[in-house]
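Subject: Structure handover

Hello,

Here is the structure for you to look over. Please open it alongside this note.

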Amino acid sequence: MIRKATLADRPRISEVRLAVRENQLSAASAGKVETTADWIFENATFWVWEEAGAVQGFSVADPRDGTIFGLFIHPDYEGRGLGQALLPLACEDVRAAGFAAATLTTGPGTRAERFYRTNGWEEIGRQDNGEIIFRKAL
């Protein structure tokens, strides 16, 4: 079941985020992630996939800048189409905020890179740390 997250889901969302095999959260970025997550919980929407009584994946956009802030699936639920189902909801939140395109970043050579390329995201540059910047018209 896909639904909007509640504050009660936050611990499990964090568990899912920390369980991923790629794009692991660095100590340096943890503070920024928490601050942004606080704002989104107060002002926007986390979309969650709930199955077997728990959140197994989530997507979230930051409507302040038109970015897809996160799309993460628990490793036990990868390859089941959760990302395909959740990502359009975050993109719709970006579009509803007035953006004509969404952007996101991910590491090169990852499954996430392949996922975004396969789903029509266009590489528009690289960050200083080598992460790929993707854009998709909405």
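Below is what was found, from the overall fold down to single residues.

First, the ground rules. This is a predicted model, so local features need pLDDT of at least 70 and side-chain atom pairs count only at pLDDT 80 or more, while totals for chains, interfaces and linings use all residues. Residues are numbered from 1 along each chain as its sequence is written, and side-chain values use heavy atoms, with hydrogens and water left out.

**Overall fold**

The protein has four helices and seven strands. Both are DSSP runs, numbered from the N terminus: helices are H or I with at least four residues, strands are E with at least two. Along the sequence the pattern reads β-α-α-β-β-β-α-β-α-β-β. The radius of gyration is 14 Å, close to the 14 Å that the globule rule gives for 138 residues, so the protein is as compact as a globular protein of that length. That radius is taken over C-alpha atoms, and the globule rule is 2.2 Å times the number of residues to the power 0.38. The C-alpha trace spans about 40 × 30 × 30 Å along its principal axes.

Of the 138 residues, 40% count as buried. Buried means under 20% relative accessible area, exposed means over 50%, and partly exposed is in between (1.4 Å probe, protein chains only). Among contacts with a separation of 6 or more, 60% come from residues 24 or more positions apart. A contact means heavy atoms within 4.5 Å.

Helix 1 covers residues 10-19, and its buried residues are Arg10, Arg12, Ile13, Val16 and Arg17. Seen down the helix axis, these fall within an arc of 165°, so they line one face of helix 1. The arc is that of the directions from the helix axis to the C-beta atoms. The face turned away from the buried side carries the exposed residues Pro11 and Leu18.

Glu22 lies in the loop between helix 1 and helix 2 (27-43). Glu22 is partly exposed, at 26% relative accessibility. Leaving out residues up to four places away in sequence, Glu22 touches Thr110, Arg111 and Ala112. Glu22 and Phe72 are 50 residues apart along the chain, with their C-alpha atoms separated by 9.8 Å.

Most residues other than glycine have a negative phi. Ala52 is not a glycine, yet its phi is positive, at about 55°. Ala52 is in the loop between strand 2 (46-51) and strand 3 (54-62). Ala52 counts as exposed, at 68% relative accessibility.

Thr106 is in strand 5 (residues 101-106). Thr106 is buried, with a relative accessible area of 4%. Beyond its neighbours within four places in sequence, Thr106 is in contact with Ala112, Glu113, Tyr116, Glu131, Ile132 and Phe134.

Strand 6 and strand 7 (residues 132-137) pair in the antiparallel sense over four bridges. Two strands pair if DSSP finds at least two bridges between them. Their hairpin has five residues between the strands, and Gly130 there takes a positive phi near 95°.

Glu122 lies in strand 6 (residues 122-126). The bridge partner of Glu122 in strand 7 is Arg135. Glu122 is in contact with Ile133, Phe134 and Arg135, leaving aside neighbours within four places in sequence. Glu122 is partly exposed, with a relative accessible area of 48%.

**Aromatic rings**

Rings of Phe, Tyr and Trp (its six-membered ring) pair if their centres lie within 6.5 Å; planes under 30 degrees apart count as stacked, over 60 as edge-to-face and the rest as tilted. The count comes to six aromatic pairs. One of them is Phe115 with Tyr116, edge-to-face at 5.3 Å centre to centre and 80° between the planes. Tyr116 and Trp121 have ring centres 5.7 Å apart and planes at 70°, so this pair is edge-to-face. Tyr116 is buried, with a relative accessible area of 7%. Trp121 is buried too, at 4%. Elsewhere, ring pairs link Phe41, Phe46, Phe58 and Phe72 into a cluster.

Two arginines sit over rings. A charge counts as over a ring if NZ of Lys or CZ of Arg is within 6 Å of the ring centre and within 35 degrees of the ring normal. The charged end of Arg64 sits over the ring of Trp39, 4.0 Å from its centre. Arg80 lies over the face of Tyr77, at 4.4 Å from the ring centre.

Best wishes
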